[in-house]
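Open the model in your viewer and switch to a cartoon view. This tour goes stop by stop, telling you what to select and what is there.

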Amino acid sequence: MTNTLYIKNELEQLTRLYAFLEQQAGVYKLEELQSMQIKLALEEAVTNVILYAYPDKKDQDIRIDMSYEDKRLTIVITDTGLDFNPLERQEPDLTLSLEERPVGGLGIYLVKQLMTEVTYKRSAGKNILTMTKDIL
């Protein structure tokens with residue numbers, strides 16, 4: 001069964017996202033560490049959509065679908081914003097100091113570390129980011 005949340009591209013909407021995730025974590029009986037990892041990855045991905053997908057538009061929808069099957073949590077984030085594949089970004093060089101490191105890229109790196117699998121596709125004018133996490 002898939003549960004869906006629609007939010008607008010406003011940072012204030014993150015509180016609705018947190019409440020949705022907390023509710024789903026209870027339904028799926030996620031452990032606290034897993035729930036925190038998923039929250040961090042989801043927050044990073046959705047914040048990027050809020051901040052960058054619609055540079056000149058407000059009141060745009062972001063759809064978050066969450067499902068759990070066979071010990072695998074799947075989260076799909078869909079928006080109709082600018083075409084952007086975050087997985088094409090170069091991996092950050094973590095050996096550089098903070099002063100030397102270019103801005104950007106660390107968030108999606110973190111998402112990929114926290115989740116089991118992260119994929120992206122562009123279809124019918126929509127960005128579709130799918131994140132899965134194996135729940136052991």
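**Stop 1: the largest pocket.** Begin with the open space. The model is predicted, and its largest pocket has a volume of about 510 Å³. Select N48, V49, Y52, F84 and P86 to find the middle: of the 21 lining residues, these lie nearest the pocket's centre. Now colour by element. Helix 2, strand 3, helix 3 (106-114) and strand 5 each give two or more residues to the lining of this pocket. Which element provides the largest share of the lining? Helix 2 does, with seven residues. Next, colour the lining of the largest pocket by residue class. Twelve of its residues are nonpolar, six are polar and three are charged.

Stop 2: Five of them make an open sheet, with antiparallel pairing, in the order 1-2-3-5-4. Select residues 2-8 and then 117-123. These are strand 1 and strand 4, the edge strands, and each pairs on one side only.

**Stop 3: strand by strand.** Start at strand 1. Seven bridges connect it to strand 2, and the two run antiparallel. Select T4, and you will find D65 of strand 2 opposite. Move on to strand 2 and strand 3, an antiparallel pair with eight bridges. Pick I62 here; its bridge partner in strand 3 is D79. Then follow the chain through the turn. Strand 2 and strand 3 form a hairpin, with two residues between them. Stop at D70 in that turn, where phi is positive, about 50°.

Select K121 and look for I128 in strand 5, its bridge partner.

**Stop 4: the helices on the sheet.** Select residues 14-27, which are helix 1. Helix 1 packs on the sheet and touches strand 1 and strand 2 (61-69). Its direction makes about 170° with that of strand 1. Next, select residues 32-53 for helix 2. Helix 2 lies across strand 1, strand 2, strand 3 (72-79) and strand 5. Compare its direction with strand 3: helix 2 runs at about 10° to that strand.

**Stop 5: two rings.** Show the aromatic side chains. How many aromatic pairs does the count come to? The count is one. Select Y28 and Y68. Their rings are stacked, 5.3 Å centre to centre, with 25° between the planes. Y28 sits in the loop between helix 1 and helix 2, and Y68 sits in strand 2, so the pair ties together parts that are 40 residues apart in sequence.

Terms used. Residues numbered from 1 in each chain as written. Predicted model: local features only at pLDDT ≥ 70, side-chain atom pairs only at ≥ 80, totals over all residues. Heavy atoms only, no water. Pairing = 2+ DSSP bridges. Helix = DSSP H or I, 4+ residues; strand = E, 2+ residues; numbered from the N terminus. Contact = heavy atoms within 4.5 Å. Axes fitted to C-alpha atoms, helices over the stretch in contact; angles between N-to-C directions. 1 Å grid on protein atoms, 1.4 Å probe; cavity = no way out; pocket = protein on both sides within 12 Å on 5 of 7 lines; lining within 4 Å. Points joined across faces, edges and corners; volume = space filled by probe spheres on them. Nonpolar A, V, L, I, M, F, W, Y, C, P; charged D, E, K, R; others polar. Phe/Tyr/Trp six-rings, centres within 6.5 Å; stacked < 30°, edge-to-face > 60°.
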